[in-house]
Amino acid sequence: MKRCEPWKETVEKLYKEMYPALHAYARRVLEDSALAEEAIQDAFCIACARRDQFLTSPNPQGWIMLTLKHVMQNTLRAQAKLKALLALDAGAKQASGEPELMSVDLLFCDVSDSEDFRLLKQIALERCTILELSEELGVSVEACKKRVQRARKRLQKKLKV
């Protein structure tokens, strides 16, 4: 069995120690257990991507809490934008007599895998730039561009069938 790098063990230990408190905090703020879990995972992905900064911090627990706070703020902002877009579109459809718009998540949940959908949604609805998205994912700008391009192609292929 291959042994993990020391920093991975440190992050895993911190994750196990902090998860209950992080989940309670995130669930209280986001009012959704699944969103809370996703936010915690995103925060730890950021910590792994920026492990030098994270592990050399004098307070890694505080660092991860602050990162989780920022992830939750982004999540709440994205939800507000999506709700506003859906409300505008629903209002326009009601005024024109068209049926109300279904949630984008419901419309495309079976068409695209969750990672592809999340990437495309961040680009299209949340107006994230490739640079912002690459920093969040902890990958290069070119790698991020390629991921978005592949996700678009897979979605186009599925929608043509």
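Biologist: Is cysteine 144 buried or exposed?

Modeller: A residue counts as buried under 20% relative accessible area, as exposed over 50%, and as partly exposed in between (1.4 Å probe, protein chains only). Cysteine 144 is buried, with a relative accessible area of 0%. This is a predicted model, in which local features need pLDDT of at least 70 and side-chain atom pairs count only at pLDDT 80 or more, while totals for chains, interfaces and linings use all residues. Residues are numbered from 1 along each chain as its sequence is written, and side-chain values use heavy atoms, leaving out hydrogens and water.

Biologist: How many disulfides does a search of the whole structure find?

Modeller: A disulfide is a pair of cysteine sulfur atoms within 2.5 Å. The search finds zero. Cysteine 45, for instance, is in no disulfide, and the nearest cysteine sulfur, that of cysteine 48, is 6.6 Å away. Cysteine 45 is partly exposed, with a relative accessible area of 47%.

Biologist: How many helices and strands does the chain have?

Modeller: Both are DSSP runs numbered from the N terminus: helices are H or I runs of at least four residues, and strands are E runs of at least two. The chain has eight helices and zero strands. Buried residues make up 30% of its 161 residues.

Biologist: Which residues of the largest nonpolar core touch the most other members?

Modeller: A nonpolar core is a set of buried Ala, Val, Leu, Ile, Met, Phe, Trp, Tyr and Cys residues joined through side-chain atoms within 4.5 Å. The largest one has 20 residues, of which Leu22, Ala39, Phe44, Phe54, Ile64, Leu68 and Met72 touch the most other members. Helix H1 (6-30), helix H2 (33-49) and helix H4 (60-96) each supply at least two residues of this core. Another core, of nine residues, lies apart from it and includes Leu119, Ile123, Val148 and Leu155.

Biologist: Which residues does methionine 72 touch, not counting residues up to four places away in sequence?

Modeller: Contact means heavy atoms within 4.5 Å. On that basis methionine 72 touches Tyr25, Ala26, Val29, Leu30 and Ala39. Threonine 75, in helix H4, is in contact with Leu30 and Leu35 when its neighbours within four places in sequence are left aside. The C-alpha atoms of threonine 75 and leucine 30 are separated by 8.2 Å, although these residues are 45 apart along the chain.

Biologist: How many aromatic pairs does the structure hold?

Modeller: Rings of Phe, Tyr and Trp (its six-membered ring) pair if their centres lie within 6.5 Å; planes under 30 degrees apart count as stacked, over 60 as edge-to-face and the rest as tilted. The structure holds three such pairs. In one, the ring centres of tyrosine 15 and tyrosine 19 are 5.5 Å apart and the planes stand at 45°, so the pair is tilted. About one helical turn separates these two tyrosines, because they are four residues apart in helix H1. Phenylalanine 54 and tryptophan 63 also form a tilted pair, 5.0 Å centre to centre with 55° between the planes, and both residues are buried. Ring pairs link Tyr15, Tyr19 and Phe44 into a cluster.

Biologist: Which residue lies over the face of tryptophan 7?

Modeller: A charge sits over a ring if NZ of Lys or CZ of Arg is within 6 Å of the ring centre and within 35 degrees of the ring normal. Here arginine 51 lies over the face of tryptophan 7, at 4.1 Å from the ring centre.
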